[in-house]
Protein chains: 2
Amino acid sequence: MKSPGGMLLTGIELDRASAVPLYRQLYLQVRKQILAGRLPGGTRLPSTRTLCKELELSRITILNAFDQLTAEGFLAPRTGAGTYVGDEWERRDAAADGPRKPPRLSSLGQSVHSLRSEHFSGVSYATWAPECPTSFLPSHPAYDAFPLPVWKRLMNRHLRQPTKALLGYGELKGLQRLREAIVEYVFDARGIECSLDQVVIVSGAQQAFNLLGMLLLDPQDGVWMEDPGHIAARIAFQAQGCRLVPLRIDDQGLDVQQGLRECPDARLAFTTPSRQHPLGTTMSYARRQELIEWAGRGHGWIVEDDCDSEFRYVGRPLPALFAMDPWQKVIYVGTFSKVLYPSLRLGYVILPEALVEPFCAIRAVMDRSPSTLHQATTADFMVEGHFLGHIRRMRALYQARQARLLEQLQLRLGGFMRVAPVEAGLHLIGWLDDAVDENAIARGLAQHEIYTYALGDYCLKRYLPPGLLIGFAGTPEEQAGEKVEALARALEKLGHRL
Amino acid sequence: MKSPGGMLLTGIELDRASAVPLYRQLYLQVRKQILAGRLPGGTRLPSTRTLCKELELSRITILNAFDQLTAEGFLAPRTGAGTYVGDEWERRDAAADGPRKPPRLSSLGQSVHSLRSEHFSGVSYATWAPECPTSFLPSHPAYDAFPLPVWKRLMNRHLRQPTKALLGYGELKGLQRLREAIVEYVFDARGIECSLDQVVIVSGAQQAFNLLGMLLLDPQDGVWMEDPGHIAARIAFQAQGCRLVPLRIDDQGLDVQQGLRECPDARLAFTTPSRQHPLGTTMSYARRQELIEWAGRGHGWIVEDDCDSEFRYVGRPLPALFAMDPWQKVIYVGTFSKVLYPSLRLGYVILPEALVEPFCAIRAVMDRSPSTLHQATTADFMVEGHFLGHIRRMRALYQARQARLLEQLQLRLGGFMRVAPVEAGLHLIGWLDDAVDENAIARGLAQHEIYTYALGDYCLKRYLPPGLLIGFAGTPEEQAGEKVEALARALEKLGHRL
């Protein structure tokens with residue numbers, strides 16, 4: 001009959017081809033058995049001689065493993081009486097086996113957890129594999145059209161010498177050369193006059209929204225949000241415990257009068273004036289002035305998310321709110337995610353002077369400046385003229401892709417959804433009949449590997465008909481027909497009559 | 001006599017060599033003058049004919065600029081009576097000129113702002129130019145020894161095709177290949193057995209501390225902190241409004257008994273068991289077990305910052321706390337900042353299973369996954385064997401650099417400071433006489449471009465003599481003599497007798 005320690009022998013499997021030394025494999029496996037309760041405290045282990053033979057190990061290997069196990073209290077050698085399993089760890093295992101309670105989180109932790117489940121009730125691409133096609137996903141630029149050879153060349157120039165400037169902790173506000181390029185770009189493209197000092201590099205618009213939420217919002221503060229509106233911004237502000245005030249969007253932009261009626265003393269207004277997210281409309285001058293007027297009169301801040309202002313297909317872009325604001329109440333947020341690529345993780349915030357120092361404090365506490373290599377490459381790309389050329393080419397490409405996809409959608413699905421061209425941005429809205437469940441459609445389509453977003457995910461109060469966000473930037477013109485056909489077939493399989 | 005609008009002409013300076021179109025230059029400059037109050041509402045502008053002549057511009061350029069200014073309300077044409085400055089913007093300027101009040105921030109924003117000024121009373125390198133030498137700064141690896149050619153080659157392999165996998169939004173938990181490499185590495189090097197699911201990539205340890213603080217801490221929660229201890233971690237937890245419980249460090253590590261006396265129901269304990277930050281000592285097994293015992297009994301979490309465990313010069317590394325914990329109460333934080341380079345901005349968190357989903361929720365809200373290019377390159381570097389080789393080489397290099405610097409410090413400054421070798425990490429402590437003001441020394445040395453940190457910055461309650469943190473990783477052996485000599489001369493210039 002085997003001694004109880006014989007269990008040890010049956011449980012040990014050594015991999016002699018592994019890079020992990022054998023003594024360490026033995027150590028880890030014995031420890032695992034003890035922690036799992038398979039070797040209870042007081043169990044006597046086989047002699048090292050037996051172990052040598054059975055496991056085909058040298059004595060020194062076994063002693064090395066046992067030394068460490070002894071030092072950690074897993075084994076207890078008794079002089080002249082062999083080696084026993086220690087009892088120090090035994091009762092701990094019982095604790096680990098007890099009924100699992102949900103972990104105790106902070107209120108913030110709990111609320112963020114439930115916020116996310118709530119908001120992504122429809123479809124979330126976060127769970128999809130990175131290889132899956134972008135299909136009709138909004139917010140994805142045309143990856144195939146990114147000038148990677150130029151980018152690679154610029155990047156490699158910085159990879160010649162391992163210096164502190166390249167590899168060390170970056171500057172708090174970000175790389176000066178990149179900030180200078182941004183000052184010049186926003187002056188030229190967005191009419192913004194700001195000093196270098198007001199520009200801070202962040203790892204994207206989402207980080208900016210969260211930092212601004214932390215910096216400016218206390219629990220219960222009112223926040224004007226466009227409805228439908230930006231999901232990540234909304235969650236960032238909700239995470240601070242603030243009270244959202246959903247404002248309707250009309251053809252001029254968010255309804256400032258509604259805000260004045262429902263919550264005149266809001267602490268912050270979030271807006272996407274260049275290209276309302278997700279509807280794609282542009283805020284009128286009159287509405288911009290109303291909004292700035294409100295901020296100037298009270299204590300409200302305006303967070304201007306200027307995403308996709310580069311991709312405007314109709315008319316001349318209006319200047320940024322930041323450029324129209326004489327009170328220094330507007331905080332401008334820009335990102336390189338769409339205009340270059342999302343995984344670059346670079347964005348920027350242009351701050352009113354009074355907020356520069358407090359913003360930098362919270363920025364320094366929360367995270368350090370992004371990769372210097374990426375910042376330096378982006379700066380070169382801008383300074384050496386590639387940036388404006390890329391924007392120009394992408395604008396033309398997206399305009400053509402939009403036109404072609406729109407045409408195909410109208411042709412094949414005109415009876416099922418209404419689509420109209422957007423002035424700016426990377427997606428269309430396919431408006432559906434009132435009776436249709438857009439979430440069910442988005443989920444159903446995703447099962448056929450056709451990805452769209454349900455408009456409902458962006459809505460706080462529902463006053464709009466159901467709709468799907470249909471990205472066009474990732475669909476080459478020559479593929480529009482087949483992709484729309486696949487969409488149509490999937491809809492038919494889901495039981496819809498087209 | 002000039003018309004009042006004549007002011008316009010004197011203020012306009014056009015740059016005909018600029019890439020900014022002339023109409024836009026004119027538009028921006030007129031707008032600026034109106035916003036600055038130099039052209040009051042109601043001012044009549046010179047006729048376009050006059051402007052054409054005086055500014056040497058074509059009529060269409062002027063009309064383009066005026067159209068936009070009119071649309072934005074800066075100008076108001078009166079039919080048949082010329083063009084006037086609008087009055088819409090006039091009163092706003094007055095508001096902007098009013099007395100500047102400090103901006104209204106959230107409580108968090110205010111407290112972080114003051115926390116930072118408080119903690120960095122001594123010297124902060126955040127304000128130094130990136131070109132300045134690391135000198136004796138702790139936390140900086142040897143940049144000159146980083147194998148940039150290998151790194152560049154691995155990186156370039158990923159820069160061949162612009163794909164969604166490379167350029168698009170990364171996976172929520174980080175690149176799977178990198179997470180797999182980490183699972184293998186921590187098993188081998190730190191005795192940690194965890195599943196792929198428990199590993200989440202972040203942009204560095206600092207982001208990890210902040211996310212964990214948000215996830216786990218409510219205001220007024222007690223937090224055990226090592227004293228002296230990690231500054232960034234401390235501020236991250238303070239930012240959540242928690243109550244710090246400073247625990248003394250003895251030669252075994254943090255004093256768990258003191259914690260049990262002063263705040264047994266703390267919500268979290270922060271510790272650096274492999275290499276106490278900043279003292280450099282190692283936590284004993286007994287102390288590790290006490291700490292884990294405490295966490296297992298109650299509701300406390302342990303955050304284990306395992307920074308610099310790779311750089312141990314004496315004895316075999318002890319396994320991570322995470323590996324000893326049967327209750328799943330330890331959260332392990334690792335970083336590539338020292339072992340590769342800081343600007344890479346990659347770190348990782350290994351979570352107890354119950355915390356994986358809640359942590360991912362807050363991680364997804366706060367920021368997106370770091371650069372895929374960097375993650376993929378790091379994964380290759382690990383999987384293809386460069387990582388362990390690099391650690392081995394750096395360990396030998398740092399050990400030699402420490403020995404040499406120590407020798408030189410004892411030789412030249414033995415009468416002024418006491419130094420002893422550290423078992424692990426990248427810096428020594430130069431202990432000073434009680435009467436000496438370490439902050440004044442650190443500040444004074446910085447003026448001579450010699451950078452050290454004052455130990456006091458790391459202390460909550462002061463029970464240790466004054467000291468300076470003196471990094472050795474960045475000092476090649478052959479430079480140790482001259483660098484110590486420069487340090488000595490600077491001390492003499494500051495009036496110290498050596």
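## Basis of the model

Contact here means heavy atoms within 4.5 Å. The model is predicted: local features need pLDDT of at least 70, side-chain atom pairs count only at pLDDT 80 or more, and totals for chains, interfaces and linings use all residues. Residues are numbered from 1 along each chain as its sequence is written, chains are lettered from A in the order in which they are written, and side-chain values use heavy atoms, with hydrogens and water left out.

## Relation of the two chains

Two copies of a chain are related by a rotation about an axis and a shift along it. Chain B is superposed on chain A by a rotation of 180° with 0.0 Å of shift along the axis, at an RMSD of 0.2 Å. This is the relation of a two-fold axis. The superposition is by least squares on the C-alpha atoms of residues with pLDDT of at least 70 in both copies.

## The interface

Chain B contributes 112 residues to the contact and chain A contributes 114 residues. Of the interface residues of chain B, 100% are also interface residues in chain A, so the copies meet through the same surface. About 10,400 Å² is buried between chain B and chain A, and carbon and sulfur atoms give 56% of this area. Buried area is the accessible area (1.4 Å probe) that two parts lose on being put together, summed over both.

Two salt bridges cross the interface of chain B and chain A, a salt bridge being a side-chain nitrogen of Lys or Arg within 4 Å of a carboxyl oxygen of Asp or Glu. One of them joins B:Arg345 to A:Asp367, at 3.9 Å from N to O. On the side of chain B that touches chain A, helix 15 (residues 353–366) of chain B gives the largest share, ten residues. Helices are DSSP runs of H or I with at least four residues, and strands are runs of E with at least two, numbered from the N terminus.

## Salt bridges within the chains

Over all chains the count comes to 34 salt bridges. A:Arg412 and A:Glu492 form one of 3.9 Å, N to O. This pair links distant parts of the chain, 80 residues apart: A:Arg412 lies in helix 17 (residues 386–413) of chain A and A:Glu492 in helix 19 (residues 477–493) of chain A. A:Arg412 is partly exposed at 29% relative accessibility, as is A:Glu492 at 40%. Buried means under 20% relative accessible area, exposed over 50%, and partly exposed in between (1.4 Å probe, protein chains only).

Within helix 19 of chain A, A:Arg489 and A:Glu485 are four residues apart, which means a separation of about one helical turn. Their closest N and O atoms, in a salt bridge, are 3.3 Å apart. In chain B, B:Asp308 and B:Arg275 meet in a salt bridge of 3.0 Å, N to O. Both B:Asp308 and B:Arg275 are buried. A network of salt bridges links A:Arg157, A:Arg177, A:Asp380 and A:Glu384.

## Surroundings of A:Thr271

A:Thr271 is in strand 7 (residues 268–271) of chain A. A:Thr271 has a relative accessible area of 0% and is buried. Leaving out residues up to four places away in sequence, A:Thr271 touches several residues, among them A:Leu254, A:Met283, A:Leu291 and A:Ile302. The side chains of A:Thr271 and A:Glu226 are joined by a polar contact of 2.7 Å. A polar contact is a pair of N or O atoms within 3.5 Å; within protein, one must be able to donate a hydrogen and the other to accept it, and residues adjacent in sequence count only if both atoms are side-chain atoms.
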